[in-house]
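Here's a quick briefing to read alongside the structure. Take a look first, then work through the points below.

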Amino acid sequence: MSDLDAFRAETRAWLEENCPASMRTPTPVDEQVWGGRDAVYKNPDSKIWLDRMGAKGWTTPEWPKDYGGGGLSKAEAKILQEEMRRIKARIPLLSFGIWMFGPVLLEYGNEAQKQEHIPKIVRGEIRWCQGYSEPGAGSDLAGLQTKCEDKGDHYLINGQKVWTSYANEADWIFCLVRTDSSVKHEGISFILFDMKTKGVETRPILLISGESPFCETFFTDVKVPKENLVGRVGGGWEIAKRLLQYERVNISAMGFGGAGSTPLKDVAKTYIGESDGKLADPDLRARIADHMMYDKAFGLTVKRSQEEAKAGAEVGHTASIFKYAAAKLNQNKSELHIESLGHQALGWEGDGFSDKELRATRNWLRSKGNSIEGGTSEVNLNVIAKRVLGLHDHQ
Amino acid sequence: MAFVLTEEQQMLRDAATDFTADKLPVSALRALRDSGSTDGYDAATWAEMAEMGWSGVLVPESYGGSEFGYVGLGQVLEAQGATLAATPLLQTALIGASALVLAGSEAQKSDLLPNIAAGELKTALAVDEGAHHNPTNIALSATKSGDGWALSGAKTYVLDGSHADVFILAARTSGQAGDTDGLTLFLVPSDAAGLERTPLTTVDAHAAANVSFDNVTVDADAVLGAVNGGWDVLEPILDRARIGLAAEMLGASDAAFKMTKEYLQTRKQFGQLIGSFQSLQHRAAIMFSEIELTRSCIAAALSALDDNANNIAELASLAKARAAETLHLVSNETVQMHGGIGMTDAHDSGLFMKRARVLETIYGGESFHRDRYASLNGF
């Protein structure tokens, strides 16, 4: 038996033993686990599953063991993923710390910062949020103005962030601040602080979907210890860009869509009916087929990109299209979904509409943000045109 | 499924790209068109391609080929798509060879495959009878005649039909037009008595013909595969052809896009390179994204053929539809972004657009494959 076969056997046995039965079912939205100091576990098995996986470092399989990670090789991590899929195990922890912040801290952080923060991310003890966008710095992120002054033994932060995902539920923030206003990119630093620090205030923003996943976040004379600055003073833009790469890769790998939901074609069949084995609305049928093909093409391109990366090719070319394509895909899917539901997609709440129907309506509204958040589609196209195709601005 | 080429496949790709750039540039197609001949290909260049081994990429070694596989052949098809090259590669090296490998008797294989590999025999698939691709809607009849069969009916827009030596003919031996049952494939020599071909002058200047069969008689051993079981061979052959066409379309999309991008980087208006205008930058970026997404579909489909995977039909429709949508967009934008010069016959934009529509239409356009994809996915 090869080492990998042995690893697969051990992993399978461990998962059999340690993954609670209720964690082998699709995750309802209200049982998603984001961890953190104030986490509430609607299903107690979620907490057991998180603790067991966290203790093994398998919430972050490829992170180094020294910081609590799984220390697995790529091949082993793939086996773990396959074995989890085999028993339909839930993802134990959803986390901006895992997807975005952890990877850059491992790359740019000092030893003390890594020892302090990485293990808590792995175990889901601290929930992180991202302080990037500001009212005046959206697509032009480097125009951010949140001021960070060196007060000798500490930094003093004043300013405002916006579109801070789940800031009201987060424990800590990784934040872009301006340490020098005389230069643009070189005046940005990357800093970490506790959201409980005096002077931090969050206000949820009500979206068109009726939900509040984002906040406005205000900083008024927030004192931050000097050791919380990551990298060098004025070196934050490089870290910020690196983090955005992880964010975009993550968005493209996960897609925007909710996994495990009923396939669009089946929703359409249920609500529209069939004629001679075909969806009864031929126009919608063609558009759903077209969408499914685009979806398949996208999935194949993600795979191709991964294979090419493994083979050592430059990945930037294909990766640059993922954010743009993923947004288009999910928006199109959401539109087709509510079109399939007809009147039943036109409810807001209450009787007369099922939970799934109401969810579809809210998802449709929420999906409009996909082409705005994390870099608008227009900015994505600018980036492709300039960096990949070499088309330049006016002289 | 493999998305990264092996070293040998990459070498073949490079060789094919060099060859088509050198021997079959777009100007060669233009010259072929302007010659007024309806030959539809250059025999001397095809002989060189056969010399390179490309006519025998799918032919087993025991019959004189290299058995190098579909991913390999796809690289050559993509390269010839990039220069709009008119060659028998698709009809003979892909369709003819794969049809014989899939369904040929030992006698048929020994008789034809070595000649295909040597570039000495060209085949053409004769399937459609109307204005739209509809491979079950076959009325051309085959009736028993002595020990053999008598064939009567007509086929339209048969690619390479004007010069092929042997037709792979889809005929009806029982049932009604529209049935999948009751079809039979025949190998019919082009010089058979009663067979008449009318070469077509096509928009893309590639070879095609209408072919009529007036009581053409063939022996029993002309049947390819089983009598009444033709669909079981025809559908896999068509899927191979569709994937091959998609590879050609990818090459054409890539080349037209490259030509357009270079124009955006050199043409000036209002004192600026037109590629600095955001409306054109975004459309160029969208084209690039579409091409990259399509490239993955074609790589997956070619690889599935080599793996003999169980989802070839689905991947063939995916590849053909996606490639058609992409090439349609890119060919239209190529003319538009070149402006007035793109409307002139002297510029290559028009050649790309004309070839694009032929490639899009053959063996099913977007709507055909969307419909098929939906059916294959059970809705």
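In chain B, what share of the contacts with a separation of 6 or more comes from residues 24 or more positions apart? It's 76%, so keep in mind while you look around that this is a predicted model.

**How confident is the prediction?**
- Chain B has a mean pLDDT of 97, and 100% of its residues get to 70 or more.
- For the model, the scores are ipTM 0.93 and pTM 0.87.

**Chain B on its own**
- If you count up the pieces, chain B has 11 helices and 10 strands.
- Its radius of gyration is 21 Å, close to the 21 Å the globule rule gives for 379 residues, so chain B is as compact as a globular protein of that length.
- Buried residues make up 54% of the 379 in chain B.

**Where chain B meets chain A**
- Chain B puts 32 residues into the contact, while chain A puts in 37 residues.
- On the chain B side, the elements giving two or more residues are helix 7 (231-264), helix 8 (278-307), helix 9 (312-338) and helix 11 (366-376).
- Helix 8 of chain B supplies the largest share of that side, with 14 residues.
- Sorted by class, the side of chain B that touches chain A has 16 nonpolar, 12 polar and 4 charged residues.

Technical notes. Residues numbered from 1 in each chain as written. Chains lettered and ligands numbered in written order. Predicted model: local features only at pLDDT ≥ 70, side-chain atom pairs only at ≥ 80, totals over all residues. pLDDT = per-residue confidence, 0-100. Helix = DSSP H or I, 4+ residues; strand = E, 2+ residues; numbered from the N terminus. Rg over C-alpha atoms; globule rule 2.2 N^0.38 Å. Buried ≥ 20, exposed ≤ 12 C-beta atoms within 10 Å, placed from the backbone. Contact = placed C-beta atoms within 7 Å. Nonpolar A, V, L, I, M, F, W, Y, C, P; charged D, E, K, R; others polar.
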